[in-house]
Amino acid sequence: MVSISIRHLTKKFGGQAVLSDVNLEIEKGELFFLLGPSGCGKTTLLRHIAGFYEPDGGAIFFDDEDVTDLPVHRRGTGMMFQSYALWPHLSVAQNVAFGLEERKRPRAEIDQRVNEVLDLVQLGGMGARRIQQLSGGQQQRVALARALVIRPRCLLLDEPLSNLDAKLRMEMRSEIRRICKEFGLTGIYVTHDRDEALSMADRLAIMDGGRLAQVGSPDEIYKNPASRMVAEFIGEANFIEGRVIRESSRPGQYDVDCGFATLRSRPNNDEWRPVQGQAVQLAVRPEAMTFGDVRDSPNRFPGRIISTTYLGATVQYVLQVTDEILMKVCEMNPRDIRVPSRRDDVMGMCSVADLVMLRK
Ligand code: ATP
């Protein structure tokens, strides 16, 4: 198990900056996610950690060891990719044994370690099978076994589940997390699937255009996004433009003029003290919105439901607040389903804690 330190990493492809001064500390035993839109540099960063790419500037450390110039096979990383790249003509055990044979381990040790790791990924007794005789999920487990059998210092995963159907993906999510935690493995996992990141990560980085837009726990990033881009990438959100009027009678809460109403909001960051007249953006998640008319709540405003989508566990509404402002509202476990109306006859509400102020 190692800690991984990425310092001022920079990379250009054909004059185009793909990684710009990336700094990141990943702790021992942490399952860390790189999340972001297509082309933001996730895979490029992972490939630098694996040793496939040489950076233009900066350094990578595993614990105190500078591995920036160390070739791939001497870094001791286990890798699992989207295409499992298994050899179809070899058996399960032969596929898994490959890394140990390359390292010239004695036969008895290879057999023992292959059996152990197949048990770990729940493929015990299937070593003699051909790859073609396995389901997609089982093939994925072989790829995982192959990455683990060398007892890597860290595990690098690049969209490992994207070829699986939804049910298998869910199963493998908890499986990969269980194995990383059981081994105390440091894992770095690239995905563009936010549910995968939210449900599996200890911490994650959201990348945007070769930079780290935010690093934090899933909960921190979901509740306190650093920017509109982050808020939108990690979940659904409504945004409202406004100007700060003043800090309210409650310290840390600010009254904001949003045109159609004065709303009370809290900054996304405790250190930030917005000033009077400052243009800001307020963000609220659809599930943090409700309908109601609680008189002493500062954040309520009239609107008109213009669309209703019933999804069983939830109902999603679109609330028209002004000509320009539409807000999504998501109600869990709905009792009465509201229907679209031509009049402004409902009150949308949210708590101050759920209305987060972002810099513009
Ligand atoms: P995705 O989610 O689509 O896999 P990503 O965030 O992993 O995207 P990267 O694969 O790291 O993105 O690519 C980042 C940028 O670098 C893209 O614009 C891509 O076209 C470019 N790029 C990646 N590899 C190379 C390469 N070997 N040569 C030139 N350009 C490259």
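In what follows, Lys and Arg count as positive and Asp and Glu as negative, with His and the chain ends left out. On that basis the protein carries 47 positive and 48 negative side chains, and the centres of these two sets lie 2 Å apart. Please keep in mind as you read that this is a predicted model.

## The overall picture

Let us begin with the whole chain. Eight helices and 20 strands make up the secondary structure elements of the protein. Along the principal axes, its C-alpha atoms fill a box of roughly 75 × 45 × 35 Å. Of its 360 residues, 49% count as buried. The exposed surface comes to about 17400 Å², and carbon and sulfur atoms supply 47% of that area. If you look at contacts with a separation of 6 or more, 66% of them are accounted for by residues 24 or more positions apart.

## Aromatic pairs

A pair of aromatic rings is described by the distance of the centres and the angle of the planes. The count of such pairs here comes to five. Two of them are worth a visit.

In one of these pairs, the ring centres of Trp 87 and Phe 98 are 4.7 Å apart and the planes stand at 55°; planes under 30 degrees apart would be stacked and over 60 edge-to-face, so this pair is tilted. Trp 87 belongs to the loop between strand 6 (77-81) and helix 2 (92-102), while Phe 98 is in helix 2, so the pair ties together parts that are 11 residues apart in sequence.

Another pair joins Phe 260 and Phe 301, whose ring centres are 5.4 Å apart with planes at 85°, so the arrangement is edge-to-face. This pair links distant parts of the chain, 41 residues apart: Phe 260 is in the loop between strand 12 (254-257) and strand 13 (262-267), and Phe 301 is in strand 16 (residues 300-310). Phe 260 is partly exposed at 24% relative accessibility. Phe 301, with a relative accessible area of 1%, is buried because it falls under 20%.

## Charges over rings

Two arginines sit over aromatic rings, as the table shows.

| Charged residue | Ring | Distance from ring centre |
|---|---|---|
| Arg 7 | Phe 61 | 3.9 Å |
| Arg 285 | Tyr 222 | 4.1 Å |

What surrounds Phe 61? Beyond residues up to four places away in sequence, Phe 61 touches Ser 3, Ile 4, Ser 5, Arg 7, Asp 66 and Val 67. Phe 61 has its place in strand 4 (residues 57-62) and counts as buried, at 16% relative accessibility. Although Phe 61 and Ser 3 are 58 residues apart along the chain, their C-alpha atoms are separated by 8.0 Å.

## A loop residue

Finally, have a look at Ala 288, in the loop between strand 14 (279-284) and strand 15 (290-291). Ala 288 has a relative accessibility of 16%, so it counts as buried. Leaving aside neighbours within four places in sequence, Ala 288 is in contact with Met 349, Cys 350 and Asp 354.

How values were computed. Residues are numbered from 1 along each chain as its sequence is written. This is a predicted model: local features need pLDDT of at least 70, side-chain atom pairs count only at pLDDT 80 or more; totals for chains, interfaces and linings use all residues. Side-chain values use heavy atoms; hydrogens and water are left out. Rings of Phe, Tyr and Trp (its six-membered ring) pair if their centres lie within 6.5 Å; planes under 30 degrees apart count as stacked, over 60 as edge-to-face and the rest as tilted. Helices (H or I, at least four residues) and strands (E, at least two) are DSSP runs, numbered from the N terminus. Buried means under 20% relative accessible area, exposed over 50%, partly exposed in between (1.4 Å probe, protein chains only). A charge sits over a ring if NZ of Lys or CZ of Arg is within 6 Å of the ring centre and within 35 degrees of the ring normal. Contact means heavy atoms within 4.5 Å. Accessible areas come from the Shrake-Rupley method with a 1.4 Å probe; for residues, only the protein chains shown count as cover. The place of a charge is taken as NZ of Lys, CZ of Arg, CG of Asp or CD of Glu.
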